[in-house]
Amino acid sequence: MSLKTKFNLAMLAAFVLGLLLGGGFLYAMARAEAMDEVLREASVMMSAATATRTYTVQEITPLLAEQSKLRFLPHTVPSWAAQTLMRNLEKQLPQYLYKEASLNPTNPADRATDWEADIIGEFSRNPEMKDLVRTRESALGPVLSLSQPIRLKDPACLTCHSTPAAAPATLIDLYGSGNGFGWKLDDVVGLQVVTVPLKVALDRANQRMGLYLGGLAAIFLAVMVLLNILLTTLIVRPVRRMSTIADEISTGNMEAPEIEPKGRDEIASLGASFNRMRRSLENAMKLLEG
């Protein structure tokens, strides 16, 4: 096995090891960036929904108070307003979902699924928890969910959610008396949850990682070509030249030319030493012949 082959195999092994370590690091970094990107998108949607709830409570509910005495208007309910707004947004971004889920909702359509009920339980057990981020598999692939608890803080809400007898008759006419009652102050009565798919972000992250690894491979190839040129020019050719001359001298050809050292590096020093050894050998042969 030639010196160049050994050198290239050693460099290749080092590159493969570095590529595996670097690829693992880049994958972890790219995935973390993708998760951060999706979480930012979910936070924007959550902020929009929360702002809609606040606007409804402060502006819409007081404005429609008199009409609500004659006919219950869902427009005055923060949950209804937020979900209606977000459904309109979902027409443009169908993969992004917003929901307000409850274990005991007034509207059965808002009833929590099993995984949403688990998160509501988590918020109930941890009163200080402000939000919760989870990932799970869905029909669309992996998705990230950002959840925030809905805690009953306003005593005015009990008018519609304490008992059917205390609720407005117009609400009972619309939704019935079987759901949405028995709520208590400071209880976690539901959650806001934004669900965002991870596939697009992860695909972009994988694409970036592929570009990074491709760039590293191209750089390695360029470095290998350059190192091989330098190895051949500065080491292999001079050593091969010395080996050829040494073979000729070993067979008795003392007319072989001397090495012409170039530069002041170790190979040039070796060439000069080789020439001195050759002259010493030549002188010794002459003495023996004399």
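Modeller: The model contains an open sheet of 4 strands in the order β1-β4-β3-β2, with antiparallel pairing. Strands (E, at least two residues) and helices (H or I, at least four residues) are DSSP runs, numbered from the N terminus, and two strands pair if DSSP finds at least two bridges between them. This is a predicted model, in which local features need pLDDT of at least 70 and side-chain atom pairs count only at pLDDT 80 or more, while totals for chains, interfaces and linings use all residues. Residues are numbered from 1 along each chain as its sequence is written, and side-chain values use heavy atoms, without hydrogens or water.

Biologist: Which strands lie at the edges of the sheet?

Modeller: The edge strands are β1 (97–101) and β2 (132–138), each pairing on one side only. From one strand to the next, the twist averages 25°.

Biologist: Over how many bridges do β3 and β4 pair?

Modeller: Strand β3 (residues 141–151) and strand β4 (residues 188–197) pair in the antiparallel sense over 9 bridges. P149 has L191 in β4 as its bridge partner.

Biologist: How is the packing of two helices described?

Modeller: Two packed helices are described by the angle between their axes and the distance between the axes. Axes are lines fitted to C-alpha atoms, for helices over the stretch in contact, and angles run from 0 to 180 degrees between N-to-C directions. Here, helix α1 (residues 3–63) and helix α7 (residues 199–250) pack at about 160°, with axes 9 Å apart. The two are therefore roughly antiparallel (over 145 degrees; under 35 is roughly parallel, 65 to 115 roughly perpendicular, and the rest oblique). The residues of this contact divide into 24 nonpolar, 5 polar and 6 charged.

Biologist: At what angle does α1 pack with α3?

Modeller: α1 and helix α3 (residues 78–92) pack at an angle of about 140°, with their axes 8 Å apart. They are therefore oblique to each other.

Biologist: Where do α1 and α7 bend?

Modeller: The bend at a residue is the angle between axes fitted to the seven residues ending there and the seven starting there. α1 bends by about 40° at T56, and α7 bends by about 45° at T232.

How values were computed
Ala, Val, Leu, Ile, Met, Phe, Trp, Tyr, Cys and Pro count as nonpolar, Asp, Glu, Lys and Arg as charged, and the others, Gly among them, as polar.
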